[in-house]
Structure formats: structure tokens, C-alpha cells
Amino acid sequence: MAGSIPGWDMPVEDGSTAGGFWRLAWRRLRRKRVALCAGVVVVLIACLAVAGPHFSGVRYDSLDWDALAVPPQFGGAHWLGTDRLGRDLFVRTLYGVRISLLIGLLASAVSLVIGVVWGMVAGYSGGRTDELMMRAVDVLYSLPYLFVVIILTTLFTRGSLIVLFVAIGAVGWLTIARIVRGQTLVLARTEFVEAARVIGVPPGAMLWRHILPNLSGTIVAYATLAIPQMILFESFLSFLGLGVQEPLPSLGNLINDGAREMQSAPWMLLVPAAFLVVLLLCFSVVGDALRDALDPREGPA
Amino acid sequence: MLAYAARRLAAIPPTLFVIVTLAFVVVRAAPGGPFDAEQSLPPQVKANLERAYGLDQPLATQYLHYLTAIAHGDFGPSLKYRDTSVGALIAQGLPVSLTLGFAALLVALALGVPLGTWAALRRGRPVDHGIMGLAVLGVVLPSFVTGPLLVLIFGLGLHWLPVAGWQNGNPYYLVLPVMTLALPLIAYIARLIRSSLLEVLQSDFIRAARARGLGSRRVIWRHALPPALLPVVSYLGPATAFVVTGSLVVETVFGLPGTGRYLVEGAIDRDYTLVMGMVIVYGLITLTCNLAADLIYGWLDPRVGHAS
């Protein structure tokens, strides 16, 4: 896999070229302590979000009439407090994280598939096709994408999770398409691709077997950067009341609830906001580091 | 240059036409209609309402009618705010949204450029680390988190600034919404300026200017900063798109009487004409700002040839 793109087979700083592409990337990544810590935090939050609610014994929508809007108290029954309906904020936030992560992952997957295919086909075809496909990307780029998402979410019943991640993913593929197209252009001119073409490899097999594996580093790096973007979209929509609907929690609608109650119950805002901020921050730190490690020739800022 | 501007300008109507058509199709494909209220109307009343607004006609006819009306500058009546036209709603709210958006852009430039420059000139020092650390936070924090947090701190906690409201554009009431909208932009612009200035400072013409014995202040202000500003200019296009979407949140958080809420409300209430009107207005704003940014870029950077 290594060696196909100029620069990847260059000696790394410690003077050794041993190991494949992924091993080199891991070595570059390992030196970034901050990014590793951020990665650990992401994994911890994800584990907590997936496993946590099972152990608490309280459901995200169960009401505790004896504890309406109680502030956080350690050692108490609800140690991050409750909302005005007496629902446990800790459980609701973890559940919200879970939903936000789920939508973030699925939407990233949707946007990756569209973007990678679009970019590869455009970059490999070249000429008129390429121009037409990339012009379409330019036009979509000039639109405020959240706008498009808002209109798309009205298409179906509000609050359907499937619609949500399809809609978010459907507009998030533009950057990835551009990057993949650029890389494909470079790859299409390399000797091994030319050699494959000479022996008669059809375009489909060429993209799948020869181009795609060489794009994997880029794709992984941008996928990690795409996830926080998608989480952000989801929370934005839920904040505006267009995304995940009550009683299902998501970080966005929890923050919206909290913002409305912040005078009397500031913890309702601060708890989900803190989770969202930490999650976004860690994801983008990890993504940046991965991009540096996997794609040494710097993508767009 | 003029020919280029004219060609770009001429491309706006077709683009807008595509946007309008797409929006029309999507909004109409959505299930439910504008008159599906909680207490359902008697079928006859609903039919009469639909007839009155021309919603009983075939979709193609409605589309043609709509296009003709739009070409005459008529956005049609709002389906939810009865007795009000979409044009009147937009005319009422747009000044608020525009004030907010432009103020945010200005603040972002006025703070982002100096901060980025400062960080670049103190590269590797604590100032640089401090500014860039805050910038990462600024880029990551979404406005629906910073908005309520700013209110919590400066409004409810310190009582320095009013919590919400518009008060006919009283600057005092504008501080928090504008800052909320501008923060990510400040952070992003500071990062852009820092990296581009660092790159420019390493180029040969800067070394030549230094070698000629020019003072470092002159080198930075006259020679290094202008080319370093170019990425910021090209970022202004996406920045307006960001401001447009950000204003949806900011207007909700601070209860401002702008147009942002119309898009969301219109989408939820299936107020077809209102959503379409908002799509057209915001589409036009984004396209114009993108064009303006590109033209300014071409004017500032003689290397950009518009001949082809």
C-alpha cells in the first residue's frame, strides 16, 4: 500500500522506513500525547454512554415526582440533578450522547460513501464528467448546508432518526468528495494505475481495487473529522426542534431545554453542554492528529 | 474584470432558479399541509381555504403561478400568519437579521485579524499558545452553547448586559447576540491569519524587504499583512453562509425579531410560501456575498486571472 503516493515512502524523522503505511502513521500519531489523551476521552465517553444507562436502573424517560428540578448532589439519588419533570439528568445526558454519537457515526458513513464514490468517479473520469460533477459540488457548497438539511428534515415525519442521519449525511459529503477527487487525480497518473489499465482492468475494478485502498488513509482521517461535524449538525437541528424529539433525549434538545430553564436550573444547561463540548473538542483534536499522521501533505484547513 | 463580474452576476438568476425549483419540489413532497392544525378543520372549510390560496390546483400550475409572482417581486401570502404577506414579514425581520449578521462579520474581522497577527508575530510564545488554544475552543463551541453560556455569565450572573430582546437595535442589547455569532468566526479568522502570515513571512520578498533595511513594523504592515489577508477574503463567502445559519440559533436564543425563526417555523408549519420566500432571500444573500468575496479577492490579488 505504501509507496504509491510520492512522499509516503520517504524516511520518517527517526530515520527508519520499516513497517507499512499504517505502522508509520501509528508511529507519527503516538508522539502526540494530547491527541492520544483526547482519543482515550472519546472512548471513555462512548463506553459510558453505551453502558452507563444500563447500570443506573433509571430509564431516560422515567419520572421521579419527589425530585423535580433538584440540583446536582453527589451521593444523592440523582447526582447530576433532574429536570423539571424529575427525569435523571445523568441518564438523559448519557442517552443523548449515545444518540448523538450514533447519528454522528451513521451520518458520517453516509456522507463518506457518497463523497468517496463521487470524488473517485469524478477524478478518475476526468474531462467533461469531472467538470460537471465538481461544478455541482461547487453549487451545493455555496448554499448554507444546514438550510438544505432543514428542508430535507421536513420531508418526512419529524424526529425519525433514519431521516435525520440520511439528511445530515446527504449534505455533508462535499468536502470529502473534493479531497478524494484531488487524490484520485494524482493516483490516476501513477505508473501502477497505468500498468493496470494497460492489462485491461475495467474502471470499476480499478477504482475498487487500486484507487480506493490508496485513499484509505485520507478517508479514515476525514471520517474522524466528519464525525464531530455531524454531531454538531444533529445537535443544531435538535436544538431548533427539528431533530430528535422528546421524550428521546439528544445533546441538542437537552441544551435547548437547559437554555430555557437556565435562570432557575443552570445545571440543566451546563451538564449536556459540557458533554457536547468535550466530545467535539476531543474528536477534532484526534481528527487533526490523524490527518497529520495519515495525510502528510496537509489537507485544506 | 468587469466582464468577469458581469458573467458571475448573470449566473445568479439561473442558480436561484434551480434553488427555488428544488425547494418547491422538496417542500411540497413533505407530508402534511399548512391547514393541518391540532383541531382539524371541517373538510369543506379546508377545501375552501385551499381554493382561496390556490392549493387545489395541479402542482405544475401552482409552480408556474409562483414563478410568475416571484418574477414580479411578490412572495405571496403567508399561509400561517393570515392577512400578512410573506414580503411584509421579510421586510419586517430582515433589517434585524442583516444588522446582526453584518455586525458579527465586522466584529469578527476587527478582532480576528489583530489576534491572528499577534499570535503569528509571537510564534511559539505563551501569547501564541494562548490565542491558538482559545481559537480551537472558539471553532469547536457551537453557538447554541456559547449563546446560553454568555447569557448565563454576563446577563444572569454579572448583570452587565441584557439577557434578550431587541429594543429597536439598542447597541447594548446587541452585544451578546453579536458576540455569540462572531466568536467562531473570530477564532477561525485568527487561525487563518496566523498560518498565512507565518507562510508569507518566510517568503523571499519579505527577506528582500528586510535586507533592504526596512523597519520590521513597515515590513509587516506594508508587505506581509496584505497578502496574508487573502485567505480571509476568500473565507468571507463561507463566513456569510455560516452567519446565515448561525442567526437561526442566535435569534432563537435571544428572542430577536429577525427572519431566522421564519424558516424553522415555516418548515414545521408547512407554510409553503414563507419557507420558499426565506429560501429565496437567504439564497440571494449567500450568492451575493460569495460573489462579492470573489470579486474583492480578484481585485486584491492581481495573480488571479479572470480572462479565461
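## Basis of the description

Helices (H or I, at least four residues) and strands (E, at least two) are DSSP runs, numbered from the N terminus. Read along the sequence, chain A accordingly shows the pattern α-α-α-α-α-α-α-α-α-α-α.

This is a predicted model, in which local features need pLDDT of at least 70 and side-chain atom pairs count only at pLDDT 80 or more, while totals for chains, interfaces and linings use all residues. Residues are numbered from 1 along each chain as its sequence is written, and chains are lettered from A and ligands numbered from 1 in the order in which they are written.

## Chain A

Chain A contains 11 helices and zero strands. A residue is buried if 20 or more other C-beta atoms, placed from the backbone, lie within 10 Å of its own; by this criterion, 45% of the 301 residues of chain A are buried.

Two residues are in contact if their C-beta atoms, placed from the backbone, lie within 7 Å. Of the contacts in chain A between residues at least 6 apart in sequence, 67% join residues at least 24 apart.

## Chain B

Chain B has 12 helices and zero strands, and its elements run α-α-α-α-α-α-α-α-α-α-α-α from the N terminus on. The C-alpha trace of chain B spans about 85 × 55 × 30 Å along its principal axes.

Chain B comprises 308 residues, of which 37% are buried. Among contacts in chain B with a separation of 6 or more, 74% are between residues 24 or more positions apart.

## Helices α4 and α10 of chain B

Helix α4 (residues 86–121) of chain B and helix α10 (residues 230–253) of chain B have axes that come within 10 Å and cross at roughly 130°. Axes are lines fitted to C-alpha atoms, for helices over the stretch in contact, and angles run from 0 to 180 degrees between N-to-C directions. The two helices, α4(B) and α10(B), are therefore oblique to each other; angles under 35 degrees count as roughly parallel, over 145 as roughly antiparallel, 65 to 115 as roughly perpendicular and the rest as oblique.

On the side of α4(B), S97(B), L100(B), G101(B), A104(B), L105(B) and V113(B) meet V232(B), A239(B), V243(B), S247(B) and V250(B) in α10(B). This contact of α4(B) with α10(B) has eight nonpolar, three polar and no charged residues (Ala, Val, Leu, Ile, Met, Phe, Trp, Tyr, Cys and Pro count as nonpolar, Asp, Glu, Lys and Arg as charged, and the others, Gly among them, as polar).

## Helix α11 of chain B

Helix α11 (residues 260–269) of chain B is largely enclosed by the rest of the structure, because seven of its 10 residues are buried. The buried residues in α11(B) are G260(B), Y262(B), L263(B), V264(B), G266(B), A267(B) and D269(B). Just after α11(B), R270(B) adopts a positive phi of about 55°.

Note on methods:
Buried ≥ 20, exposed ≤ 12 C-beta atoms within 10 Å, placed from the backbone.
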